[in-house]
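Subject: A structure for you to look at

Hi,

Here is the structure I promised to pass on to you. Please open it next to this email, and then read on for what turned up in it.

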Amino acid sequence: MAAAAAATSTSTTPIRKPSSISPLPISKFSLPFAFNPKKPRSLHISNSRSKPASASSTTASPATTEKFSFSRFSPDQPRKGADILVEALEREGVKDVFAYPGGASMEIHQALTRSDRIRNVLPRHEQGGVFAAEGYARSSGLPGVCIATSGPGATNLVSGLADALLDSVPLVAITGQVPRRMIGTDAFQETPIVEVTRSITKHNYLVLDVDDIPRIVREAFFLATSGRPGPVLIDIPKDIQQQLAVPNWDVPMKLPGYLSRLPKNPNELHLEQILRLISESKKPVLYVGGGCLNSSEELRRFVELTGIPVASTLMGLGAFPVGDELSLQMLGMHGTVYANYAVDKSDLLLAFGVRFDDRVTGKLESFASRAKIVHIDIDSAEIGKNKQPHVSVCGDVKVALQGINKILESGGAKWKVDFRAWREELNEQKVNNPLSFKTFGEAIPPQYAIQVLEELTDGNAIVSTGVGQHQMWAAQFYKYKRPRQWLTSGGLGAMGFGLPAAIGAAVANPDAIVVDIDGDGSFIMNVQELATIRVENLPVKIMLLNNQHLGMVVQWEDRFYKANRAHTYLGDPSNESEIFPNMLKFADACGIPAARVTRKDDLRAAIKKMLDTPGPYLLDVIVPHQEHVLPMIPSGGAFKDVITEGDGRRKY
């Protein structure tokens with residue numbers, strides 16, 4: 001049997017039999033499609049959740065993988081629980097995992113050595129492993145898999161699980177646990193990881209019966225990838241891993257509550273209601289987020305049919321080509337002036353796959369205050385949570401856009417719209433308020449470094465980042481052409497994300513150019529993953545924007561704390577003229593070629609050498625710490641409060 005804990009549960013009971021679980025309470029996760037394709041259902045447009053469909057308590061899972069035709073064991077041959085787990089992963093199509101061994105998980109690692117289908121990319125820290133699994137998932141759209149041992153190994157996954165939940169990343173985390181008889185005894189390396197992660201996972205399991213492993217793994221991947229994606233954790237005691245059993249691969253899933261909340265398919269009349277609002281508007285704007293990454297083709301077609309300009313969230317970059325003439329680039333705290341102007345002046349805000357995050361809206365009362373709001377999102381909990389929409393659709397953006405596009409394509413002149421005057425107004429804003437930066441002597445502007453990288457890669461690199469100023473500059477100055485090209489920790493803002501995420505992206509996309517644009521503060525938090533990059537010979541390029549400070553915190557100190565430095569200098573206070581630590585030596589210790597560039601005139605050649613060098617490479621780009629990320633709308637502010645001038649060279 002298995003104990004299953006929903007992310008929304010507040011119960012402290014660690015173990016429950018699945019058969020005793022009543023339908024789960026309404027959570028923020030639901031499926032984007034009808035479970036029975038022969039009976040399509042229509043989406044309900046309102047500000048409340050549609051009535052759930054009924055589901056039996058035991059439901060067969062939909063086919064998610066091709067028929068599995070190979071096993072190392074004969075059908076009736078007993079094998080260890082760890083081998084059952086590994087074969088279950090194989091049956092889900094898993095080819096790569098990021099696993100760090102320990103006492104409670106070594107049986108799983110032994111089983112992995114017996115698999116010729118799954119490759120383990122060995123991280124040097126469990127946090128590196130979970131962030132790498134995220135990078136794998138974010139760049140490929142496939143679920144990432146990480147494995148850790150019990151106790152500290154499991155707790156080292158916590159930041160990654162929280163990050164995956166906030167950014168809706170499909171992830172399956174597997175942890176070893178002490179033997180069942182020792183659970184609750186404060187045994188060596190025991191932590192109740194199911195309880196620890198209850199509120200930061202979409203679902204989690206404590207396996208208490210070896211026969212449940214096939215079903216639980218099947219459910220975990222289904223939960224992680226369906227509806228609003230998210231992380232699922234499976235905690236497996238060591239004695240379960242060692243127990244011999246003959247698996248039954250045909251046991252159906254038991255997710256009655258989850259399946260009963262399937263959203264309905266679009267209803268044409270409801271979609272026409274949205275189109276009527278569009279036809280009545282004069283200044284519409286699209287506000288698109290991470291929920292549109294799987295709907296890029298439909299989104300581009302919708303924009304082609306309507307001519308409505310597009311503003312993207314941090315998580316939505318790439319869903320619509322940033323370089324397109326109808327792109328307003330990013331909106332929000334560090335978004336473009338013209339994107340925020342468009343939202344402020346709009347009379348219709350089409351919010352697709354977004355959650356009205358505070359870094360986008362600022363002061364809620366002032367955000368899109370002149371506009372009617374249409375909100376389409378697969379998560380019912382997001383609709384009306386922060387900003388009340390006039391029309392809401394709880395369902396898959398992809399399906400909704402397909403329906404809208406079909407109506408537009410067949411409707412002829414009925415739905416013809418003309419927003420040329422609005423686009424001209426916004427083009428004038430683009431001309432008057434472009435993204436810009438200043439150059440001071442031979443110092444390298446960090447924005448310029450990203451511009452040169454974008455030019456030399458023709459905008460085709462997969463870019464990962466840490467968190468801070470470099471992250472915002474990478475969002476502003478690299479022109480992303482497609483979804484899953486931009487990997488960043490958005491909701492959680494986890495420093496140390498960039499390097500391991502680049503590892504995951506390189507594993508999932510072996511032929512792609514993968515660049516980690518990082519800051520010195522973020523980079524050093526998971527610098528040990530340079531060893532993984534070298535050993536695996538992954539062609540990860542690291543462009544380090546090194547200003548010797550926690551740049552974003554310094555910017556806030558400059559603006560709001562009279563430039564009082566409160567532990568934000570990361571160099572050696574006794575020798576401020578030297579770059580400390582010497583990042584080149586970290587690279588050298590791991591056998592990775594590296595170089596440092598300090599002059600603007602030398603930058604282009606240095607970046608070209610980085611890109612041309614086979615395998616991994618680290619380029620340490622020294623940039624001034626006085627630079628500020630602009631534009632900036634202060635926290636809790638409105639568009640009228642936008643800051644467009646200044647840096648750390650002046651007093652405020």
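The crossing of α3 past α18 is right-handed.

Now try a second pair. Helix α16 (residues 446–456) and helix α23 (residues 600–612) pack at an angle of about 45°, and here the axes are 10 Å apart. These two helices are therefore oblique to each other, and α16 passes α23 in a right-handed crossing. Which residues meet where α16 touches α23? From α16 they are Tyr448, Ala449, Val452, Leu453, Glu455 and Leu456, and from α23 they are Lys600, Leu603, Arg604, Ile607, Lys608, Met610 and Leu611. In the contact of α16 with α23 there are 9 nonpolar and 4 charged residues, and no polar ones.

Stepping back to the whole chain, you will find 23 helices and 21 strands. Of the 652 residues in the chain, 58% are buried. Among contacts with a separation of 6 or more, 75% join residues 24 or more positions apart.

How far can you trust what you see? The mean pLDDT of the chain is 90, and 89% of the residues reach 70 or more. Please be careful with residues 1–65, though: pLDDT stays under 50 there, and the model has 174 contacts beyond four places in sequence for this stretch. Where pLDDT is low, the predicted coordinates should not be read in detail.

The peptide bond from Phe580 to Pro581 is cis, with omega near -10°. You will find Pro581 in the loop between α21 (551–560) and α22 (583–589). Another cis peptide bond runs from Leu630 to Pro631, with omega near 0°. Pro631 sits in the segment after β21 (617–622).

There are also residues other than glycine with a positive phi. For Asp186, phi is near 60°, and this residue lies in the loop between β6 (171–177) and α6 (193–196). For Phe356, phi is about 50°, and its place is in the loop between β13 (348–352) and α13 (358–361).

Is each of these buried or exposed? Asp186 has a relative accessible area of 72%, so it is exposed. Phe356 counts as buried because its relative accessibility is 2%, which is under the 20% cut-off.

Best wishes

How values were computed: Residues are numbered from 1 along each chain as its sequence is written. This is a predicted model: local features need pLDDT of at least 70, side-chain atom pairs count only at pLDDT 80 or more; totals for chains, interfaces and linings use all residues. Side-chain values use heavy atoms; hydrogens and water are left out. A crossing is left-handed if the near helix is turned anticlockwise from the far one by less than a right angle, and right-handed if clockwise. Helices (H or I, at least four residues) and strands (E, at least two) are DSSP runs, numbered from the N terminus. pLDDT is the predictor's confidence in each residue, from 0 to 100. Contact means heavy atoms within 4.5 Å. Axes are lines fitted to C-alpha atoms, for helices over the stretch in contact, and angles run from 0 to 180 degrees between N-to-C directions. Angles under 35 degrees count as roughly parallel, over 145 as roughly antiparallel, 65 to 115 as roughly perpendicular and the rest as oblique. Ala, Val, Leu, Ile, Met, Phe, Trp, Tyr, Cys and Pro count as nonpolar, Asp, Glu, Lys and Arg as charged, and the others, Gly among them, as polar. Buried means under 20% relative accessible area, exposed over 50%, partly exposed in between (1.4 Å probe, protein chains only).
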